[in-house]
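User: Could you walk me through how the labels for this fold were assigned?

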Amino acid sequence: MSKTRDAILRRLRDNRPTDQPLPSPYRKPLGWDSEQRIASFTERMRAVRGDVYRTTPADWARTAAKLCEERGLKQALVGHGPIADQFVADASDSVDIRRYAQPVEEWKPTLFRAVDVAVTGCRAGLAESGSLVLWPDRNEPRLMSLVPPVHIAVLDATRLYENFAEMLAVEQWAAGGMPTNALLISGPSKTADIEQTLAYGIHGPKSLITLIVE
């Protein structure tokens with residue numbers, strides 16, 4: 001019995017997989033400067049009916065408020081943090097602003113039927129694909145970018161990366177821990193039926209506005 005056991009263990013040891021080196025991290029450096037990144041992001045986003053505006057740290061909130069006024073968006077939703085605080089301070093006269101401050105079960109009818117637009121920040125942007133990267137948390141819950149019919153996203157131009165590979169490397173996601181829920185958004189929500197007819201706003205915002213803050 002012992003000889004049989006030893007033989008089995010020996011065969012298992014002999015067939016143990018050898019250690020394989022980890023593959024090198026994916027890299028795709030493009031060498032784009034800031035203008036090239038913004039140009040690519042804008043072109044890609046507009047190709048899928050997303051709107052992009054360039055603005056400044058001092059003006060972005062007033063720009064967002066003006067867009068709300070032009071589009072008849074009267075009920076705005078913000079979270080907590082610098083983006084929300086600045087929008088509240090600079091746009092309070094033109095729109096009715098509500099903070100996301102309670103569990104969704106307690107105000108679901110208002111969230112789904114009355115809120116016209118949500119204003120959020122962005123974790124980053126990806127120039128090559130024209131994508132926004134959101135990292136929802138308790139200050140800006142995921143529903144803010146999914147439920148209201150219009151989403152205004154505020155993107156810091158210094159966090160507009162060439163592509164996903166560069167963002168992962170610079171922000172050290174592998175070393176700092178992956179988020180439990182990261183969203184990559186490339187244009188307004190859209191879906192297509194069997195005849196490939198596109199419809200917007202079925203599963204999320206019908207309109208996506210990106211404010212690039214330089």
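**Sheet and helix packing**

Analyst: In strand 12, Val213 is the bridge partner of Thr55. This is a predicted model, where local features need pLDDT of at least 70, side-chain atom pairs count only at pLDDT 80 or more, and totals for chains, interfaces and linings use all residues. Residues are numbered from 1 along each chain as its sequence is written, and side-chain values use heavy atoms, leaving out hydrogens and water.

User: How do you know that strand 1 pairs with strand 12?

Analyst: Five bridges join strand 1 to strand 12 (residues 207-213). Pairing takes at least two bridges found by DSSP, so the two strands count as paired. Strands here are DSSP runs of E, at least two residues, and helices are runs of H or I, at least four, numbered from the N terminus.

User: What is the strand order in the open sheet?

Analyst: The order of the six strands is 1-12-7-4-2-3, with parallel pairing. Strand 1 (51-55) and strand 3 (96-99) each have a single partner strand, so one side of each lacks a neighbour in the sheet.

User: Why is helix 3 called roughly perpendicular to helix 4?

Analyst: The axes of helix 3 (residues 60-70) and helix 4 cross at roughly 65° and come within 8 Å. Axes are lines fitted to C-alpha atoms, for helices over the stretch in contact, with angles from 0 to 180 degrees between N-to-C directions. Roughly perpendicular covers 65 to 115 degrees (under 35 is roughly parallel, over 145 roughly antiparallel, the rest oblique), so helix 3 is roughly perpendicular to helix 4.

User: Which residues of helix 3 and helix 4 make the contact?

Analyst: With contact meaning heavy atoms within 4.5 Å, helix 3 contributes Trp60, Ala61, Arg62, Ala64 and Ala65, and helix 4 contributes Ile83, Gln86, Phe87, Asp90 and Ala91.
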